[in-house]
Amino acid sequence: MAIKLLHQMGHNSIWNKDSFEKDGVGVGLCYSPVHETAKNINATKKQLKETSIFDPQFYLPSSQKKKFQTYDFFPNTILGEKGFNTVDYTAISSESAKRCVDFQIKNNFEKIIIPARFYEQIHPKYIEHQSESYVIPFINYIKKVGVNNRKEIILTVPITSGMLNVEEYKVNILNWITSFPEISGVYFICQHDRPSKQVSDTSFLIDYMDTIKSTIDADLSVIVGYTNTESILYTLCGDLSVTVGAFENTRIFSLDKFIVSDEDRRGPKPRIYMPALLNWVNFEEAKLLRKARPELWRKIYNPTSYSEDALNATTTITFQNPLLYKHYFIAFNEQIKKISEYSINQRSVYVKSLIEEALKNYSEIKKVFTLEKNGSDEHLIPWLNAIKLFSERR
């Protein structure tokens, strides 16, 4: 199977489509109804959808985001003016499942995705509620129309780092995942709150990697959604699919994007992905480093046509410019393809060497330059520790 890359679609999803179609990055797209209306998805070229998936995004079933209102199966939409509540939804959950599955069949997506609700806290009836309101109604309709004989059925499993930290809770979720013979794969979504853009919590990484590995060992395919560059570590669990996204809210999962808010948010600083550092670096700092230490720059910089255009631009590059994101898609795709060349047993050695090389590169940079905190190497030692501890468990 090897490792596959999917585009996590979000705002300005045309960039992802261009990257997939024109640059050959990834095997498909993961469509996002919070960002794309039903009309637009229905009108999308068949070729784009046939290798892609559609995430119904029932994470916050009461969401009033406008684009959700264009989907007649979304919980808050199907219940009309009354709005979502669990009791009323349970009564019409089968109709919601029917409409959602029919939408995915009509658009001929590669797989059928069963949605699930996101709970921010450990819920004693997590499994019971997910099964009753979402999983069983979907499976019943999928079996009725026989689509399980034609397409892979994927269960969405939204969790938090807190859930993974409780062994009994984690085991119960894994037992639940493997209890449905109709399900052939899992789409993991995990919220891990942190102060930095990169994951630097060794315990979380090990817990998540254990969960992914156990799922793969149960002969289920795995898609890990909403990941940043830490997904490089998840490739050590086996052959799976990981995602790339442009804006931060497609690389870090948070319920915020599903909540209607009038609050204006300041746009992020433009950053460039540096594969040799396994991190994104403030674009203005990168340009200063390029000018001040060209020999060091050549050592850590992996050029693409997009990054070259951005670095040579005569106008200011902002976070709304596609060049840096399209550069990231290509650069990260190359890293994933390289990891795929190694057997499962050899990957940990190779990924460890990538991290050690990145640490050396940072050491060289620190002699002459100070990068902002989000562009630092603070995540790399925890990553090395995670690899060591994960390998020792196997």
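The model contains an open sheet of 8 strands in the order S3-S2-S1-S8-S7-S6-S5-S4, with parallel pairing. Its edge strands are S3 (53-54) and S4 (111-114), each of which pairs on one side only. Two strands are said to pair if DSSP finds at least two bridges between them. Helices (H or I, at least four residues) and strands (E, at least two) are DSSP runs, numbered from the N terminus.

This is a predicted model, in which local features need pLDDT of at least 70 and side-chain atom pairs count only at pLDDT 80 or more, while totals for chains, interfaces and linings use all residues. Residues are numbered from 1 along each chain as its sequence is written, and side-chain values use heavy atoms, with hydrogens and water left out.

**Strands of the sheet**

Strand S1 (residues 4-8) is mostly covered, as 4 of its 5 residues are buried. Here buried means under 20% relative accessible area, exposed means over 50%, and partly exposed lies in between (1.4 Å probe, protein chains only). S1 is joined to strand S8 (residues 241-244) by 4 bridges, and these two strands run parallel. S1 also pairs with strand S2 (residues 28-31) in the parallel sense, over 3 bridges. Leu6 stands opposite Thr243 in S8, and Leu6 also stands opposite Gly28 in S2. Strand S7 (residues 221-224) pairs with S8 in the parallel sense over 2 bridges. In that pairing, Val242 in S8 is the bridge partner of Val224. In a regular strand the side chains alternate between the two faces of the sheet.

**Helices across the sheet**

Helix H5 (residues 86-106) lies across S3 and S4, running at about 160° to S4. Helix H6 (residues 126-145) lies across S4 and strand S5 (152-160), at about 150° to S4. Axes are lines fitted to C-alpha atoms, for helices over the stretch in contact, and angles run from 0 to 180 degrees between N-to-C directions.

**Packing of helix pairs**

Two packed helices are described by the angle between their axes and the distance between the axes. Two such pairs are set out below.

| Helix pair | Angle | Axes |
|---|---|---|
| H5 and H6 | roughly 50° | within 8 Å |
| H1 and H14 | about 40° | 10 Å apart |

H5 and H6 are therefore oblique to each other. Angles under 35 degrees count as roughly parallel, over 145 as roughly antiparallel, 65 to 115 as roughly perpendicular and the rest as oblique. The crossing of H5 and H6 is right-handed; a crossing is right-handed if the near helix is turned clockwise from the far one by less than a right angle, and left-handed if anticlockwise. Residues of H5, including Tyr89, Ala97 and Ile105, meet residues of H6, among them Glu132, Phe138 and Val145. The contact of H5 with H6 divides into 11 nonpolar, 4 polar and 3 charged residues. Ala, Val, Leu, Ile, Met, Phe, Trp, Tyr, Cys and Pro count as nonpolar, Asp, Glu, Lys and Arg as charged, and the others, Gly among them, as polar.

H1 (residues 14-21) and H14 (residues 323-340) are likewise oblique to each other. H1 passes H14 in a right-handed crossing. Trp15, Asn16, Asp18 and Ser19 in H1 meet Tyr325, Lys326 and Phe329 in H14. This contact has 3 nonpolar, 2 polar and 2 charged residues.

**A buried residue**

Asn282 is placed in strand S10 (residues 279-282). Asn282 counts as buried because its relative accessibility is 9%. Leaving aside neighbours within four places in sequence, Asn282 is in contact with Lys269, Pro270, Arg271 and Glu372, where contact means heavy atoms within 4.5 Å.
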